[in-house]
Amino acid sequence: MSATVIMESQKPKSIADSLVVLPRMEGETGSAYAYRVLEYNILMLHMAPGAWIRERLIADKLAVSRTPVHEAIGLLRDRRLVDVAPQSATHVSLIDIDTLRQGIFLRSVVEPIVVSQLVGNVSGELLQKLEANIRVQKQLVESSADVYLYTQVTSEFWELLYVAAHKGYLWELLYQATVPLERLRYILLLNKLIEPNTQYCQQLYTYLHLGINDTIGINQAIQAEINSSVQKLDTVMEQFPQYFSNN
């Protein structure tokens, strides 16, 4: 599904009319469905940072009651994608710059260590899963990349590595802590300020497949991927200042 990025005014807006309603999966609970739809719309900028969220209107659009929507918003609040203030309007969270920079630091420090620890300790099953993941990435890139699916697949690549390194809980913590960086990446991809690619995942796969514990090379590959987003931060903040908060 392609996405059209809409320029937002400085004032937050209700987004019920622009909400993209995804098909409900068989057996999916109301709250899981509402969460998936809202997360998709927030990450894909159909619900831009600062946009108001009206639970009743969302419930009507999704054909569910307000309870599952309320539950979904609570989970989105926990991920810092939504701000809920007592006696005030609920709205999509702005991207906090300080939290963003801390997420960048975490990734820069932790991910090279995770990959280095796996070199020489990789099962054939993991290599097959990583190879299959990269194939899907390539297919998405060659087909003009569905930004949402592409980003989800690259996240799954890292989840496979963390779980294989017996750091699944750390992955959950880091995934939560780097939400602002993930949102920045969506903005960059949707506005074509960076292009989707498979290069760094392929590089890391090569190190793991061949058992090459090149600490410098691993670090450089990861830093290059992170820096591709960080280097565009000032440009994005100038173009979309209403998306960010310096609190």
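## Helices, loops and where residues sit

Ser144 is exposed (over 50% relative accessible area), with a value of 67%. This is a predicted model, in which local features need pLDDT of at least 70 and side-chain atom pairs count only at pLDDT 80 or more, while totals for chains, interfaces and linings use all residues. Residues are numbered from 1 along each chain as its sequence is written, and side-chain values use heavy atoms, leaving out hydrogens and water.

**Ser144 and its loop**

- You will find Ser144 in the loop between helix 5 (124-142) and helix 6; helices are DSSP runs of H or I with at least four residues, numbered from the N terminus.
- Ser144 and Val114 are 30 residues apart along the chain, and their C-alpha atoms are separated by 31 Å.

**Helix 4 with helix 6**

- Two packed helices are described by the angle between their axes and the distance between the axes.
- Helix 4 (residues 97-118) packs against helix 6 (residues 147-164) at an angle of about 60 degrees, and their axes are 9 Å apart. Axes here are lines fitted to C-alpha atoms over the stretch in contact, and angles run from 0 to 180 degrees between N-to-C directions.
- Helix 4 and helix 6 are therefore oblique to each other; angles under 35 degrees count as roughly parallel, over 145 as roughly antiparallel, 65 to 115 as roughly perpendicular and the rest as oblique.
- From helix 4, the contact (heavy atoms within 4.5 Å) uses Arg107, Val110, Glu111, Val114, Val115 and Leu118, and from helix 6 it uses Trp158, Leu161, Tyr162 and Ala164.
- Sorted by class, the contact of helix 4 with helix 6 has eight nonpolar, two charged and no polar residues. Ala, Val, Leu, Ile, Met, Phe, Trp, Tyr, Cys and Pro count as nonpolar, Asp, Glu, Lys and Arg as charged, and the others, Gly among them, as polar.

- Is Glu111 buried or exposed? At 2% relative accessibility, Glu111 counts as buried, a word that means under 20%.
- Leaving aside neighbours within four places in sequence, Glu111 is in contact with Leu106, Trp158, Tyr162, Leu174 and Ile222.

**Helix 8 and what follows**

- Helix 8 (residues 179-190) has 12 residues and should span 16 Å at 1.5 Å a residue, which agrees with the 16 Å between its end C-alpha atoms. The expected span is 1.5 Å times one less than the number of residues.
- Lys192 lies in the loop between helix 8 and helix 9 and is exposed, at 63% relative accessibility.

**Positive phi**

- Most residues other than glycine have a negative phi.
- Lys192 has a positive phi, near 60 degrees, and is a residue other than glycine.
- Ala63 is not a glycine either, and its phi is positive, about 60 degrees.
- The loop between helix 2 (55-62) and helix 3 (66-78) holds Ala63, which is exposed with a relative accessible area of 67%.

**Helix 9 with helix 10**

- Helix 9 (residues 199-210) and helix 10 (residues 215-230) pack at about 165 degrees, with axes 9 Å apart.
- That angle makes helix 9 roughly antiparallel to helix 10.
- Tyr200, Gln203, Leu204 and Tyr207 of helix 9 meet Gly217, Ile218, Ala221, Ile222 and Glu225 of helix 10.
- This contact of helix 9 with helix 10 divides into six nonpolar, two polar and one charged residue.

Notes. Helices (H or I, at least four residues) and strands (E, at least two) are DSSP runs, numbered from the N terminus. Buried means under 20% relative accessible area, exposed over 50%, partly exposed in between (1.4 Å probe, protein chains only).
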